Amino acid sequence: ALEPNVTSYSAAISACEKCAEWQMALMLLAAMWQARFEPTAISYSAAISACEKCAEWQTALDLFATISWSALKQNIVSYNTAIS
């Protein structure tokens, strides 16, 4: 059986971004933490973008602020996603 990993979670979150399924993207991000996988900048950026596509700007900014507190470095993609 296939086991989920950071790559599969990130791919699923990216799919949610494409479909504007922001709530599912956030659930998958939380599931990553519960499975003891640390989300990457790509995972966060995709989730932020999913929020942005649904005009959930406050949620997107809250998620962006979370990156600051995690071990991840904010990158240009996450900055651009947060301000779009």
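A polar contact is a pair of N or O atoms within 3.5 Å, where, within protein, one atom must be able to donate a hydrogen and the other to accept it.

**View 1. The N-terminal end of helix H1 is capped by Asn5.** In this predicted model, a side-chain oxygen of Asn5 lies 3.0 Å from the backbone nitrogen of Thr7. Thr7 itself is exposed, as is Lys18, and both are on the other side of H1 from its buried residues. Beyond the helix, H1 is followed by Ala20, whose phi is positive, near 60°.

**View 2. The buried residues of helix H1 line one face of the helix.** The 13 residues of H1 should span 18 Å at 1.5 Å a residue, and the end C-alpha atoms of the helix are 18 Å apart, which agrees with that expectation. Tyr9, Ser10, Ile13, Cys16 and Glu17 are buried in H1. Seen down the axis of H1, these buried residues fall within an arc of 115°, so they line one face of the helix. The buried residues of H1 pack against H2 and H3.

**View 3. Glu17 of helix H1 is a buried residue.** Glu17 lies in H1, which comprises residues 6-18, and its relative accessibility is 14%; because buried means under 20%, Glu17 counts as buried. When its neighbours within four places in sequence are left aside, Glu17 is in contact with Ala46, Ser49, Ala50 and Lys53.

**View 4. Tyr9 and Phe37 form the one aromatic pair that the structure holds.** The ring centres of Tyr9 and Phe37 are 5.9 Å apart and the ring planes stand at 55°, so the pair is tilted. The pair links distant parts of the chain, 28 residues apart, with Tyr9 in helix H1 and Phe37 in the loop between helix H2 (22-34) and helix H3 (41-53). Tyr9 counts as buried at 13% relative accessibility, whereas Phe37, at 23%, counts as partly exposed.

**View 5. The protein chain as a whole holds five helices and zero strands.** Read along the sequence, the chain follows the pattern α-α-α-α-α. Buried residues make up 36% of the 84 residues in the protein chain, and the accessible surface comes to about 5200 Å², of which 62% belongs to carbon and sulfur atoms. Among contacts between residues at least 6 apart in sequence, 54% join residues at least 24 apart.

Note on methods: Residues are numbered from 1 along each chain as its sequence is written. This is a predicted model: local features need pLDDT of at least 70, side-chain atom pairs count only at pLDDT 80 or more; totals for chains, interfaces and linings use all residues. Side-chain values use heavy atoms; hydrogens and water are left out. Helices (H or I, at least four residues) and strands (E, at least two) are DSSP runs, numbered from the N terminus. Buried means under 20% relative accessible area, exposed over 50%, partly exposed in between (1.4 Å probe, protein chains only). Contact means heavy atoms within 4.5 Å. Accessible areas come from the Shrake-Rupley method with a 1.4 Å probe; for residues, only the protein chains shown count as cover. Rings of Phe, Tyr and Trp (its six-membered ring) pair if their centres lie within 6.5 Å; planes under 30 degrees apart count as stacked, over 60 as edge-to-face and the rest as tilted. The expected span of a helix is 1.5 Å times one less than its number of residues. The arc is that of the directions from the helix axis to the C-beta atoms.
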